[in-house]
Amino acid sequence: MNKTILLSIVTFFSLFTQAQEFIPLWPTGKMPNTKGMHLTDSIANERIYRVGTPGMYVFFPSSQENRGAAVLICPGGGYERLAYITSGWQLAKWFNSIGVTAFVLNYRLPNSPDLVQRETGPLMDAQRAMKIIRANAAKWNFQSNKIGIQGTSAGGHLASLTAVTEKEIANIGDSLDNVSSRPNFAMLLSPVIDLGKYAHKGSRNNLLGADTSKARIEQYSTYLQVTATCPPVFMVHAYNDNAVPVKNSLLFYEALLDKQVPASIHIFPQGAHAIILHNNPGSVEQWTTLFEAWLKEMGLLSDGKTK
């Protein structure tokens, strides 16, 4: 690539990062599950390999396009890194285009040397983010009962875990303790769901450790934790996904059906483990159109007036 073009691209993303509002999740000295280490973010090749300050980038739609809903986006990356561009910022811009306020989550990765308990770090950050979003719904002009969560690959595992978890593990004794972290809908793209037979082994090992127990595997296989209180879910997966078998989505969908939770699943013949916003092969290119139609069908897109 021409050095001038490369420099322009780097400069663009640098300026964009600086301009995008970033909201830290935890007050100074109040972050749970920490050894007190002072870490910095480690970023390379559009991936975040270490999160020093858990937080979220905010993407607001225009006031004319605002449809009164919001979504927390959990980037994928096998619980080893965060693909914050392709499964984060790009999705956020698309959500803005349909009038949805989007928040891209920088969550602590389980391999962080600062975590006391590796597997609870990502969920704590996701729950805290949901609490902040819901507490500021009126200020940011969306409805407090139309806040969803989206996740891709391992980010889909975190999104599904947030959707099924009833226990609040992110409470720190402040005003947000009384704010619910449960999303009102979930959108899962090629999600990691099962950490047993159909697991993406990298995600499982990074989250739980290579020597984890059967009980812990079952606890974090989110299809086994679905209850009737789980929010509606929209899922997309490719039949030829050799990284995260399509059985993951099918198991979650079946569990939702068993608990009579409204759900929609779309299994496309192509796409592998590389379904993105645009330039997808074949019919999978229609997934965003289907998802927007589902949001409307479920009554999750309104005229933008806050509740």
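Arg81 is partly exposed in this predicted model, because its relative accessibility of 28% lies between the 20% and 50% cut-offs. Its side chain meets that of Glu80 in a salt bridge, with 2.7 Å from N to O. Glu80 is also partly exposed, at 37% relative accessibility.

- Side chains of opposite charge can pair when their charged atoms come close.
- Glu119 and Arg216 form a salt bridge in which the closest N and O atoms are 2.2 Å apart.
- This pair links distant parts of the chain, 97 residues apart: Glu119 sits in the loop between β6 (100-106) and α3 (121-135), and Arg216 in helix α7 (residues 214-219).
- Glu119 has a relative accessible area of 7%, so this residue counts as buried, whereas Arg216 is partly exposed at 28% relative accessibility.
- Lys131 and Glu168 have side chains that meet in a salt bridge at 3.5 Å, N to O.
- Here too the pair links distant parts of the chain, with Lys131 in helix α3 and Glu168 in the loop between α5 and β8, 37 residues apart.
- Lys131 is buried, with a relative accessible area of 1%, while Glu168 is partly exposed at 24%.

- Strand β7 (residues 147-152) runs parallel to β8 and is joined to it by 5 bridges.
- Within this pairing, Gly151 has Leu188 of β8 as its bridge partner.
- Together with helix α5 (residues 154-164), β7 and β8 make a right-handed β-α-β unit.
- Strand β9 (residues 233-238) also pairs with β8 in the parallel sense, over 4 bridges.
- Val233 in β9 is the bridge partner of Ala186.

**Annotated domain**

- An unreviewed UniProt entry carries the annotation "domain: BD-FAE-like" for residues 58-256.
- Over residues 58-256 the chain is 34% helix and 16% strand.
- The end C-alpha atoms of this stretch are 30 Å apart.

How values were computed
Residues are numbered from 1 along each chain as its sequence is written. This is a predicted model: local features need pLDDT of at least 70, side-chain atom pairs count only at pLDDT 80 or more; totals for chains, interfaces and linings use all residues. Side-chain values use heavy atoms; hydrogens and water are left out. UniProt positions are given in the numbering used here, feature names are shortened, and annotations may be inferred rather than shown by experiment. Helices (H or I, at least four residues) and strands (E, at least two) are DSSP runs, numbered from the N terminus. Two strands pair if DSSP finds at least two bridges between them. A crossover is right-handed if, with the strands pointing away from the viewer, the path from the first strand over the helix to the second runs clockwise. A salt bridge is a side-chain nitrogen of Lys or Arg within 4 Å of a carboxyl oxygen of Asp or Glu. Buried means under 20% relative accessible area, exposed over 50%, partly exposed in between (1.4 Å probe, protein chains only).
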